[in-house]
Amino acid sequence: MKNIVILGSNFAGYTAAMQIQKGLGKHNAEYNVIVVSPSHDFLYVPSLIWVPFGRRKVEDIRFDLRPIFRKKHIDFVQQAAKSVDPDSNEVLLENGDSIAYEYLVVATGVKMNFDILDGLKPEDNKISNIVIPKLALKTYDAFEKLVKDPGPVVVGATQGASCMGAAYEYLFNMDKELRRRKVRDKVKLYWITPEPYLGNFGIDGMPGGESMLKAFMKMYNIEWITDASIDKIEDHKIILKTGEELPYKMAMLMPPFEGADVMKASPKLVDQKGFVETTAAYQHLTYKNVFAAGLAVKVAVPFEIKNTPFGVPKTGYPSDVTGKIVAKNILRLINGKKKLIEKEWGKIPAVCVMDAGHKEVYLLANHLFKPRQFAIMIPNIFNDLGKVALEKYFIWKNKHGYAHLP
Ligand SMILES: Cc1cc2nc3c(=O)[nH]c(=O)nc-3n(C[C@H](O)[C@H](O)[C@H](O)COP(=O)(O)OP(=O)(O)OC[C@H]3O[C@@H](n4cnc5c(N)ncnc54)[C@H](O)[C@@H]3O)c2cc1C
């Protein structure tokens, strides 16, 4: 049997594994699909923004993947991969074992880079974070403390960050929850972002986005600073490179992302930051049996950044789409086809819902990056049911093994 190894089991890895297994057909007896991941849970990451406010518990947004993998005859190895040797086609695991592969899919997501600023690390106990469950739970405790003893709050993203959308959502939910807990008048709320204007989102904005976000900021009484670059994080104040000082009792900052450790330990496959360098078919530039999907893929910023650096957001929809493209392309190669499906990251449609604290905004465009022929932001000022429906749908579809659905 030849192995098709998938590293990672969330949006991109899970989708790729399920689609490859589904499409193997007459080659089923020849190939073994093996998923390697340190966690046996699927985690619906976008709902982590609600964990600090008690609206979701981590158990509500994750489920065990093992029964699905068993049912679909996909082997699951619960281990972190340590490195990949693309010359010998081998993955080395943390426990010392190794797995040989015929085809490899890298879908290992990202690692947060806390090293860019002193004081940013979770263990420094200054700045909160919501990117992984453990830290979102710690943020829950910090928020409860804030409610008991209110004071200024800074929310935002550091220079070099790329996931500003989630930080905006957290900001608006923070405002909403502080109001519900009747302490909003005791909290001065600041938003700081490396974006040159509100609503750039790392995709050079959407029509009407800047004015919509400005309107939200004014309506919610939030002070904002764009093009913000942090110089220092002190115990109770954040100092910007402009010299401006922002006091805080609580702060949440989205750090920059880098490739996962396993990929940084596999330098033949990645750039300096640990992202896999691929063609538009998500096939590695040199090693043609290696593919990547989701956050693990290198995506360059497609426009000029004049001042504070920031990156491109890699959201759930393109992660799912690239997982499907990779699956199709591996199946093509197995079936002896030479031509692969290509879709540049920036040409994948934008399909996103941004929670704005009991309100929401739909972001829809035919391409993530400009030029676009169609792009629209539609606010829903009455509720955030779209965001909730998307969460329910996504968890339902993956829990039932319907990874082929959009
Ligand atoms: C707080 C937050 C809110 C977000 N909100 C939204 C949103 O509203 N809408 C949206 O579209 N996107 C949102 N995103 C982005 C979305 O979550 C990502 O696009 C998506 O999770 C990417 O999927 P992925 O499979 O590439 O990576 P991940 O979901 O990060 O999965 C990585 C996988 O790799 C595994 N792994 C890690 N290390 C190893 C290793 N060494 N060996 C093997 N496996 C490994 C992990 O266990 C995991 O299974 C948000 C992100 C965050 C952080």
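Me: Is Cys-352 buried, partly exposed or exposed, and what is its relative accessibility?

Reply: Cys-352 is partly exposed, because its relative accessibility is 31%. Buried is under 20% relative accessible area, exposed is over 50%, and partly exposed is in between, using a 1.4 Å probe and protein chains only. This is a predicted model, so local features need pLDDT of at least 70 and side-chain atom pairs pLDDT 80 or more, while totals for chains, interfaces and linings use all residues. Residues are numbered from 1 along each chain, and side-chain values use heavy atoms, without hydrogens and water.

Me: How many disulfides are there?

Reply: The count is 0, with a disulfide being a pair of cysteine sulfur atoms within 2.5 Å. For Cys-163, the nearest cysteine sulfur belongs to Cys-352, 9.5 Å away.

Me: New topic: which domains does the protein have?

Reply: Domain 1 covers 2–111 + 258–346, and domain 2 covers 114–256. Those bounds come from an automatic or database domain assignment. Their C-alpha centres lie 30 Å apart.

Me: And how many residues does each put into the contact?

Reply: Domain 1 gives 21 residues and domain 2 gives 33, where contact means heavy atoms within 4.5 Å.

Me: What area gets buried there?

Reply: About 2,000 Å² between domain 1 and domain 2, with carbon and sulfur atoms giving 68%. Buried area is the accessible area (1.4 Å probe) that two parts lose on being put together, summed over both.

Me: How many salt bridges cross that interface?

Reply: The rule finds 0 between domain 1 and domain 2; a salt bridge needs a side-chain nitrogen of Lys or Arg within 4 Å of a carboxyl oxygen of Asp or Glu.
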